[in-house]
Amino acid sequence: GKKAKELSIQLANSLICAIYEAKLKQDQDDDAEGRPHQSLPELSRDLLIRKYGIKRLATKTMRSLLQLCRSRGSSSSRLRLFASLCAIPTDAEKNDEYSVVMVALFSGLLGQLFKTAKELGVTMGSKHRGVDRDLVMAAFADTFTHTRKKAPEEYKKAARALLTLPSKNLVRNAEGSTQKMTLVDVDDSLEIMTGVWEIEHRYKSASLFSSLCAKKSAASARSTVEQEPSKRQTELISGALKAYHAKQRETKRLRKVNIESVFEAYDKTLNGNEAIGELTLEQFQALLKNMGYAFDSRTVLELFNQWEDECGDGEDDGDEEATMGQRERIGAFSLVMMRHGLNADCIAPA
């Protein structure tokens, strides 16, 4: 396809800062609610979709950022680390495998360096990007406990690199007291610390594996043999399942018809005879509300992305209009809704 236009370094730095800010806030919210973390590439995409409202524009910007990482990714610690976290090949590194573990460790470091996502945005968005070196060293010590015990030379090497970063002394007067700090570049600090993630993961995994093996042995000793169901019980279960599946297929067909009729009516209300099945993120959210679903913005965006993916949008360079027709886009919508068990038990807008 056409080569994506590169972003300026300044804009790329600003976007990456916004991505990290969103990552920290969302991961903290997910931890509080017991939800799994979203991958960094997906979160980056979603942030841009919220910004532009249309997936094709967001995809175009994301591709421009990727192109900058590929061609000039080694030019700064911020680009190098972002490319490494998102498994983007650069002019110096292959970065051919995305690591959930690496990103989780990175997110944990962000949480230790910054109390809030807003504080992260202010620091990383400033010209000097300074962070307290004592705070960096504390975060490093708290995060890399297995490295410190099992690979002390690697731990000391990274610690020395942190301690010898270019620094600037700062004196603050707060509430009648004087506070002295030594500031180091936040991107350089994060890059050095994250660079030790594989060693930490290796020794942490070995420790967990030993613990799990011990628990498995204990559970195996207590296990009992379960009785298998009789032939008559198996026949009764099989018959009940056949009847159930037949009923489910008919219910599914009716749900599909209902969902598609609601989408079609909504599209016609918006665009009249010009309706082609294309919706912005805002319109998509309004449609879900018409269907009786007041989802949070993250869930709406996830469903919107899945629908756009089924439609094939965002796969070009952002310069051409989608070619999929209304019927296909309606079908894609019903597919996503039914995949999540969602219905259209409402009256379509007149």
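Among contacts (heavy atoms within 4.5 Å) between residues at least 6 apart in sequence, 67% join residues at least 24 apart. The model is a predicted one, so to speak of local features takes a pLDDT of at least 70, side-chain atom pairs count only at pLDDT 80 or more, and totals for chains, interfaces and linings use all residues. Residues are numbered from 1 along each chain as its sequence is written, and side-chain values use heavy atoms, with hydrogens and water left out.In all, the protein has 15 helices and 3 strands. Both are DSSP runs numbered from the N terminus, with helices (H or I) needing at least four residues and strands (E) at least two. Of the 350 residues, 36% count as buried. Here buried means under 20% relative accessible area, exposed means over 50%, and partly exposed is anything in between, using a 1.4 Å probe and protein chains only.

Next come the charged side chains. Side chains of opposite charge can pair when their charged atoms come close. With a salt bridge taken as a side-chain nitrogen of Lys or Arg within 4 Å of a carboxyl oxygen of Asp or Glu, the count comes to 16. One of them joins lysine 55 to aspartate 309, with the closest N and O atoms 2.3 Å apart. This pair links distant parts of the chain, since lysine 55 sits in helix 3 (residues 55–72) and aspartate 309 in helix 14 (residues 297–311), 254 residues apart. Lysine 55 counts as buried because its relative accessibility is 3%, while aspartate 309, at 39%, counts as partly exposed.

With 15% relative accessibility, arginine 56 is buried; glutamate 278 has a relative accessible area of 23%, so it is partly exposed.

Another salt bridge brings together aspartate 187 and arginine 78, at 2.9 Å from N to O. Aspartate 187 belongs to helix 10 (residues 186–194) and arginine 78 to helix 4 (residues 77–85), so the pair ties together parts 109 residues apart in sequence. Both of these residues are buried. Salt bridges can also form a network, as they do for Lys256, Glu260, Glu264 and Arg327.

Now for how two helices meet. The axes of helix 13 and helix 14 come within 10 Å and cross at roughly 110°. Axes are lines fitted to C-alpha atoms (for helices, over the stretch in contact), and angles run from 0 to 180 degrees between N-to-C directions. The two helices are therefore roughly perpendicular to each other, a label that covers 65 to 115 degrees, with under 35 counting as roughly parallel, over 145 as roughly antiparallel and the rest as oblique. On the helix 13 side, Leu281, Phe284, Gln285 and Leu288 take part, and they meet Val300, Leu301, Leu303, Phe304 and Trp307 of helix 14. By class, this contact has 8 nonpolar, 1 polar and no charged residues. Nonpolar covers Ala, Val, Leu, Ile, Met, Phe, Trp, Tyr, Cys and Pro, charged covers Asp, Glu, Lys and Arg, and polar covers the others, Gly among them.

Aromatic rings pair up too, and a search of the whole structure finds 11 such pairs. Rings of Phe, Tyr and Trp (its six-membered ring) pair if their centres lie within 6.5 Å; planes under 30 degrees apart count as stacked, over 60 as edge-to-face and the rest as tilted. Phenylalanine 140 and tyrosine 155 make a stacked pair, 4.7 Å centre to centre with 20° between the planes. Phenylalanine 140 comes from helix 7 (residues 133–143) and tyrosine 155 from helix 9 (residues 152–163), 15 residues apart. Both phenylalanine 140 and tyrosine 155 are buried. Phenylalanine 284 and tryptophan 307 are stacked as well, at 5.5 Å centre to centre and 25° between the planes. This pair bridges helix 13 and helix 14 across 23 residues of sequence, and phenylalanine 284 and tryptophan 307 are both buried. Ring pairs also link Phe263, Phe284, Phe304, Trp307 and Phe333 into a cluster.

Last, the backbone. Most residues other than glycine have a negative phi. Alanine 87, in the loop between helix 4 and helix 5 (100–113), has a positive phi near 60°. Arginine 129 also has a positive phi, near 55°, and is found in the loop between helix 6 (117–125) and strand 1 (130–132).
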